[in-house]
Amino acid sequence: SYIASEYVDEVPERDLVYAAIGGMVRRLDRHSAFLKPKSYQRLREDTEGEFGGIGFELGEAPHGARLPYPVVESLITGSPADRAGLREGDRILEIDGRKTLDAGDAARASKTAAADSLKKVRRLGALLRGPAGTRIELAVHPAAGGAVLRRTLVRELVKVPTVEWM
């Protein structure tokens with residue numbers, strides 16, 4: 001309450017509580033960490049092998065790409081994205097009307113830009129996930145060439161295969 005009433009800037013109480021818990025847990029040992037609810041949910045989705053989504057991961061553009069749009073990676077067979085005709089290497093131009101490439105993205109080439117690019121791809125990739133039954137619109141430029149495709153997909157509970165076999 002002292003921070004809330006006396007500190008120069010307003011700080012959300014939740015942020016203070018999470019920071020305090022994080023500090024306490026970090027002191028336990030090097031293997032312990034506090035996860036905020038969204039991070040914990042993502043960890044559960046990743047480790048349990050299923051989540052609401054369209055069935056691919058968003059990856060960074062190939063090194064040296066003139067226009068470094070994020071690309072389709074790890075496409076899951078039978079997923080909404082697979083059934084819509086998306087293929088690995090297809091460039092994702094827009095997600096729900098949000099452009100995936102800023103005007104300055106093509107001009108950046110430093111190490112910090114590469115780290116920023118990875119963060120941006122992760123942030124954009126989070127937009128692909130959501131509750132099953134919700135719609136998402138994509139603008140896609142096929143890796144094989146051709147015109148830009150606009151696809152509306154419905155998210156499903158996607159099960160990530162843990163073992164591939166032939």
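The legends below describe an overview and several close-up views of a predicted model.

**View 1. Overall make-up of the predicted chain.** The protein has 166 residues, of which buried residues make up 30%, and its secondary structure comes to five helices and eight strands. Read from the N terminus, the elements follow the order α-α-α-β-β-β-α-β-β-α-β-β-β. Among contacts between residues at least 6 apart in sequence, 56% join residues at least 24 apart. The accessible surface comes to about 11,900 Å², and carbon and sulfur atoms account for 53% of that area.

**View 2. The aromatic pair of Tyr18 and Phe34.** A search of the whole structure finds one aromatic pair. Tyr18 and Phe34 form this pair in a tilted arrangement, with 5.4 Å from centre to centre and 50° between the planes. The pair links distant parts of the chain, since Tyr18 belongs to helix H2 (residues 13-26) while Phe34, 16 residues apart from it, sits in the loop between H2 and helix H3 (37-48). Tyr18 counts as buried, with a relative accessibility of 18%, whereas Phe34, with a relative accessible area of 30%, is partly exposed.

**View 3. The largest nonpolar core.** This core holds 16 residues, and those that touch the most other members are Phe56, Leu58, Leu86, Ile92, Ile95, Leu128 and Leu138. Two or more residues each are given to the core by strand S4 (91-95), helix H5 (111-128) and strand S6 (135-141). In soluble globular proteins, nonpolar side chains tend to be buried together.

**View 4. Strand S6 and its partners.** S6 is largely enclosed by the rest of the structure, because five of its seven residues are buried. S4 pairs with S6 in the antiparallel sense over four bridges, and within this pairing Ile92 has Val140 of S6 as its bridge partner. S6 is also joined by six bridges to strand S7 (residues 149-154), again in an antiparallel run, where Ile136 stands opposite Leu153 of S7.

**View 5. Asp82 in helix H4.** Asp82 has its place in helix H4 (residues 80-83). A polar atom of the Asp82 side chain lies 2.8 Å from the backbone nitrogen of Gly78. When neighbours within four places in sequence are left aside, Asp82 is in contact with Leu75, Ile76, Thr77 and Arg87.

**View 6. Two non-glycine residues with positive phi.** Ser74 is not a glycine, yet its phi is positive at about 50°, and the residue is placed in the loop between strand S3 (71-73) and H4. A relative accessibility of 45% makes Ser74 partly exposed. Asp96 likewise has a positive phi, near 50°, in a residue other than glycine, and it is found in the loop between S4 and strand S5 (98-99). Asp96 counts as partly exposed, with a relative accessibility of 45%.

Note on methods. Residues are numbered from 1 along each chain as its sequence is written. This is a predicted model: local features need pLDDT of at least 70, side-chain atom pairs count only at pLDDT 80 or more; totals for chains, interfaces and linings use all residues. Side-chain values use heavy atoms; hydrogens and water are left out. A polar contact is a pair of N or O atoms within 3.5 Å; within protein, one must be able to donate a hydrogen and the other to accept it, and residues adjacent in sequence count only if both atoms are side-chain atoms. Contact means heavy atoms within 4.5 Å. Buried means under 20% relative accessible area, exposed over 50%, partly exposed in between (1.4 Å probe, protein chains only). Accessible areas come from the Shrake-Rupley method with a 1.4 Å probe; for residues, only the protein chains shown count as cover. Rings of Phe, Tyr and Trp (its six-membered ring) pair if their centres lie within 6.5 Å; planes under 30 degrees apart count as stacked, over 60 as edge-to-face and the rest as tilted. A nonpolar core is a set of buried Ala, Val, Leu, Ile, Met, Phe, Trp, Tyr and Cys residues joined through side-chain atoms within 4.5 Å. Two strands pair if DSSP finds at least two bridges between them.
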